[in-house]
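Please open the model in your viewer and keep the sequence panel beside it, so that each selection can be followed in both places. The tour moves from one selection to the next and says what is found at each stop.

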Amino acid sequence: MPNEKPVYKRVLLKLSGEALMSPRGLSIDPETVEGIALEIKAVAQLGVQVGVVIGGGNIFRGLSASARGMDRVQADYMGMLATVMNAMALQDYLERHNVFTRVQTAIKMEQVAEPYIRRRAVRHLEKGRVVVFAAGTGNPFFTTDTAASLRAIEIEADAVLKGTKVDGVYDADPMAHPRAQKFETLTYLDIIKRGLKVMDATAVTLCMENKLPIVVFALKEPGNFKRIVLGEPLGTKVVG
């Protein structure tokens with residue numbers, strides 16, 4: 001619609017690796033990835049600059065492997081490589097739909113992606129390209145949630161939009177507890193004090209210190225990403 005006016009100029013979309021999976025358990029499901037690509041395209045067509053951070057849990061989860069006896073540092077690096085595979089898959093489907101995309105990695109692997117350089121990333125965004133940030137922060141012991149907060153701050157995004165399976169943040173798992181109550185808004189300290197599973201404490205603290213809003217919403221509900229960007233009060237908003 002010609003009168004659609006975004007409330008954000010630049011956003012960072014955070015996806016879990018599981019968001020790319022099929023209900024049948026396929027690690028990277030083509031139909032699912034294409035659906036996400038189309039959601040991103042709809043927002044990019046509004047003139048909004050979009051950065052993306054994807055987890056790697058659909059392929060390999062470093063923390064789980066560490067709990068089973070693998071060296072934590074080694075396991076975390078393997079998890080970072082899994083995020084690169086997911087980023088490449090998303091890039092492929094975005095470009096099939098004529099969305100110019102760049103993958104930037106925190107670990108150098110120049111045959112498949114650019115190294116992360118903040119100024120270059122910002123320039124890509126200004127030119128209307130979607131930038132997918134892969135390999136987390138490049139350091140073990142940091143989650144992709146923390147990577148999303150860090151990249152959002154570095155590129156001066158207006159908000160971190162976290163796409164999840166559920167339509168916001170609840171006081172208990174709504175899948176297991178039908179009477180769980182949804183929060184419309186929260187503060188950063190609410191998340192930390194209550195131990196709510198929105199993002200890890202490091203990621204939330206980064207957002208709090210930089211006054212960066214977080215919006216948690218249901219990714220797989222078609223059109224939700226665009227509606228959030230247009231200012232509709234969906235999901236749960238985390239502010240100061």
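Predicted model: local features only at pLDDT ≥ 70, side-chain atom pairs only at ≥ 80, totals over all residues.

Now select strand 1, residues 10-15, where six of its six residues are buried. In a regular strand the side chains alternate between the two faces of the sheet. Turning on the side chains here shows Arg10, Leu12 and Lys14 pointing one way from strand 1, while Val11, Leu13 and Leu15 point the other way, and all of them are buried.

Which strands pair with strand 1? Strand 2 is joined to strand 1 by six bridges, the two running parallel, and within this pair Lys14 stands opposite Val53 in strand 2. Strand 6 also pairs with strand 1 in the parallel sense, over five bridges, and the bridge partner of Val11 in strand 6 is Ala159.

Next, go to strand 3 (residues 101-105), which is mostly covered, with four of its five residues buried. Strand 3 runs parallel to strand 5 and is joined to it by five bridges; one place to look is Thr101, whose bridge partner in strand 5 is Val130. Strand 3 also runs parallel to strand 4, with two bridges joining them, and here Gln104 stands opposite Glu114 in strand 4.

**The nonpolar cores**

For the next stop, select Ile40, Val50, Val52, Leu90, Leu161 and Phe225, which are the residues with the most contacts inside the largest nonpolar core, a set of 37 residues. Among the elements that each supply at least two residues of this core are helix 1 (30-44), strand 2 (49-54), helix 3 (72-96) and helix 8 (224-229). Helix 3 gives the most to this core, with six residues.

Centre the view on Phe225 and ask which residues are in contact with it when its neighbours within four places in sequence are left aside. They are Val11, Leu13, Glu39, Ile40, Val43, Val50, Leu161 and Phe217. A second, separate core has 29 residues, including Val122, Ala147, Val169 and Ile191.

**The largest pocket**

Rolling a probe the size of a water molecule over the atoms shows where empty space is left. In this model, the largest pocket holds about 1400 Å³ of space. To find this pocket, select Ser16, Arg61, Asp145, Lys162 and Val198, which are the closest to its centre of the 48 residues that line it. Helix 2 (62-67), helix 5 (144-154) and strand 7 (169-170) are among the elements that each supply at least two residues of this lining, and helix 3 gives the most to it, with six residues.

Select Ile214, which lies in strand 10. Is Ile214 buried or exposed? With a relative accessible area of 0%, it is buried. Leaving aside neighbours within four places in sequence, Ile214 is in contact with Val160, Tyr188, Met199, Cys207, Thr236, Lys237 and Val238; the C-alpha atoms of Ile214 and Tyr188, which are 26 residues apart along the chain, are separated by 9.1 Å.

Move on to Asn224 in helix 8, which counts as buried at 8% relative accessibility. Not counting residues up to four places away in sequence, Asn224 touches Glu39, Phe217, Ala218 and Leu234.

The last two stops are in loops. Asn98 lies in the loop between helix 3 and strand 3 and counts as exposed, at 69% relative accessibility; its phi is near 60°, a positive value in a residue other than glycine. Phe141, in the loop between strand 5 and helix 5, is exposed, with a relative accessible area of 51%, and has a positive phi of about 75° although it is not a glycine.

Methods
Residues numbered from 1 in each chain as written. Heavy atoms only, no water. Core = buried A, V, L, I, M, F, W, Y, C linked by side-chain atoms within 4.5 Å. Buried < 20%, exposed > 50% of the residue type's maximum accessible area, 1.4 Å probe, protein only. Contact = heavy atoms within 4.5 Å. Pairing = 2+ DSSP bridges. 1 Å grid on protein atoms, 1.4 Å probe; cavity = no way out; pocket = protein on both sides within 12 Å on 5 of 7 lines; lining within 4 Å. Points joined across faces, edges and corners; volume = space filled by probe spheres on them.
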